[in-house]
2 protein chains.
Amino acid sequence: MAVTPWEVSGKVDYDKLVKDFGTARITPALRARLERNAGESNAMLRRDYFFSHRDLDLVMDDYENGKGFYLYTGRGPSGPMHIGHLIPLIFAKWLQDRFRANLYIEITDDEKFLCKRDAEWEGIAKFAGENMRDIAAVGFDPDRTFIFRDSEYVGNVYPMLVKIAKKINFSTVKAVFGFTNETNIGFIFYPAYQIMPTMFEKRRCLIPAAIDQDPYWRIQRDIAESMGYHKTAAIHSKFLPPLQGAAGKMSSSMKESAIWLDDDAKTVRRKIMKYAFSGGRSTLEEHRRIGADLSVDVPFQWLSVLFEPDDAELKRIADEYGSGRMLTGEIKEILASKLNAFLAEHRERKENADVEKYTYTGKLAREMWKKKFE
Amino acid sequence: MAVTPWEVSGKVDYDKLVKDFGTARITPALRARLERNAGESNAMLRRDYFFSHRDLDLVMDDYENGKGFYLYTGRGPSGPMHIGHLIPLIFAKWLQDRFRANLYIEITDDEKFLCKRDAEWEGIAKFAGENMRDIAAVGFDPDRTFIFRDSEYVGNVYPMLVKIAKKINFSTVKAVFGFTNETNIGFIFYPAYQIMPTMFEKRRCLIPAAIDQDPYWRIQRDIAESMGYHKTAAIHSKFLPPLQGAAGKMSSSMKESAIWLDDDAKTVRRKIMKYAFSGGRSTLEEHRRIGADLSVDVPFQWLSVLFEPDDAELKRIADEYGSGRMLTGEIKEILASKLNAFLAEHRERKENADVEKYTYTGKLAREMWKKKFE
């Protein structure tokens, strides 16, 4: 198992990650408190997809005593977006809606250019624009959301970047990220920028993101208080398994391992039928007799994470498929149809999305362009 | 002897520096060519104060065949400015005037904040503003000069910074600058910014600066052509010796070792009388008999570098003082009076300097704020 902000491979042991990273499991009591404050339940929480946290209890304290909190997440625009990229954003929207919280979304064009040897700036810039339209399609509150590209917003934050950078030495990034003497000096500097938005407000920051991003927050939590800011809080998701199986995460470099947001209905159906790893048995007779192994079945997992929020319906599928009454082909059809409905709606929202609201003209965006962080 | 961009100490052996850094001495023929193209001679060249170069011959080729070139130098705003800080700027003005060349002056607020453990951003910002007024007082061409603070201009150059940074790894900055695991990640990144202005134009860049800055240009010359730019050229000065003697350079941290641009006439005279290291002899009798040792005499060296541009007058002083007819007190009076005249004029120009011309409203400044370097 390897889990870094740039690579997830092998069978992920989430208990081990929680222990190694020093985060905490979301307990049933804490989940209940979050859902009570939110005023509704959430399938990604109920089903333990968002499973780990840092200081989520303090965020709830701040919410309950009226201080409030804000949200921050991001996207590295190294290519087109797939379904897995959307999940923390969908969860962030739920948090924003339920808590009426400001949300900052960092588009890390610098990071993606710096970390990939063959990345071209022009390509990254193109994907950044395209990704921002996909992100806008999630439907965030246009007056409480600010989406910004690192390269474009840097003029407003550079003094803060150097203040953060001054507190982090090479030993630290070497230990935390495994940087070496061959790492380029831009990538060595970059962690300062990913940390910076945790200091956009004096209130506590809550970061909904996959757990592979946690190393940045560890560094942030070592330096934030000395700069007059809160240690950031985080709520960590697992990884959406790739179509081919439960190990690692969907990889942008393997076109066929993911469902892309611009895959058409036929492609989606074909990929799921052909590639989605099945917990079904090798013969019909065996399948009918012992039923599918849900724990490795990718279609069932995707339905659990996002595409079948109704617990009763998910249970029905689990019962039918797990007992062998439902066949692999049938659950795959269910997923394909749910996915295609989701994607059709996404594309429609994307076409109508007013990206400028989030980047320049909405209330929060206008405020952010006026600010200088020093 | 230690010569790095942040420290100069010990007796500087300029021949050894030329050899170690791999630069070239300015030959009499090259100096003659530069002065012929300039249309006049220059004391700092004639007296070997600007003594070393990289590709100055190619700059002259470009000038002679009509391509032209541009100038770039800088200032780290870690405190008030002393006489030594002004010298490369005065020489840059001469080059600008004679060659009608664009000149870019980088105010490295980020560098100075990052390299000094106890530097506060607010203090650096204050000195940056103050230094810019001193620099404007040199009297550059307002339509061919752009003075910019790193932290303020970063929004226009960040994609180029990351492109440069991607080409430099930790091994390189470790070898060139002696960075260690304890170096902070901002300072590790900074060389990208000092290199960036060498790519402001597609024409060749000529950098007038003290030779301690040369390590940056070595890195630049390794990567520039792969990015479609010229290897930068440079013309290197020696260091103005501190008042107390010929070793090292004037240090901003030793208030009494330098003449500050805001020292009043009385202070200037007192410091020179009290501290300026003298080549005069210990008794009047001995001095009259063997004369002063000009090679270690600080007042004579300061007159040579800047304050007595007239060769005939300088020779008269050398003859008188070297033969013992002139006394230490007398040459010190000459220097004090020249220096005070220079400083009075500087302060008057500073009061009337229109800094905005160089930073925002002059022709080159306006063009530069419109540009995005990607």
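What percentage of the 374 residues in chain A is made up of buried residues? In this predicted model, buried residues make up 57% of chain A, where a residue is taken as buried if its relative accessible area is under 20%.

**The fold of chain A**

Chain A contains 19 helices together with 9 strands. Its radius of gyration is 21 Å, close to the 21 Å that the globule rule gives for 374 residues, so chain A is as compact as a globular protein of that length.

Of the contacts in chain A with a separation of 6 or more, 76% are accounted for by residues 24 or more positions apart.

**Surface and charge**

Chain A exposes about 14,700 Å², and carbon and sulfur atoms supply 50% of this area. Among its side chains, 57 are positive and 55 are negative, while the centres of the two sets lie 2 Å apart.

The size of an interface is often given as the accessible area lost when the parts come together.

| Area | Value | Share from carbon and sulfur atoms |
|---|---|---|
| Buried between chain B and chain A | about 3,100 Å² | 66% |

Tyr158(B), Lys166(B) and Ile185(B) supply 26% of the area that chain B buries against chain A, which is more than any other three residues supply. In terms of residues, 36 of chain B are in contact with 36 of chain A.

Conventions:
Residues are numbered from 1 along each chain as its sequence is written. Chains are lettered from A and ligands numbered from 1 in the order in which they are written. This is a predicted model: local features need pLDDT of at least 70, side-chain atom pairs count only at pLDDT 80 or more; totals for chains, interfaces and linings use all residues. Side-chain values use heavy atoms; hydrogens and water are left out. Helices (H or I, at least four residues) and strands (E, at least two) are DSSP runs, numbered from the N terminus. The radius of gyration is taken over C-alpha atoms; the globule rule is 2.2 Å times the number of residues to the power 0.38. Buried means under 20% relative accessible area, exposed over 50%, partly exposed in between (1.4 Å probe, protein chains only). Contact means heavy atoms within 4.5 Å. Accessible areas come from the Shrake-Rupley method with a 1.4 Å probe; for residues, only the protein chains shown count as cover. Lys and Arg count as positive and Asp and Glu as negative; His and the chain ends are not counted. The place of a charge is taken as NZ of Lys, CZ of Arg, CG of Asp or CD of Glu. Buried area is the accessible area (1.4 Å probe) that two parts lose on being put together, summed over both.
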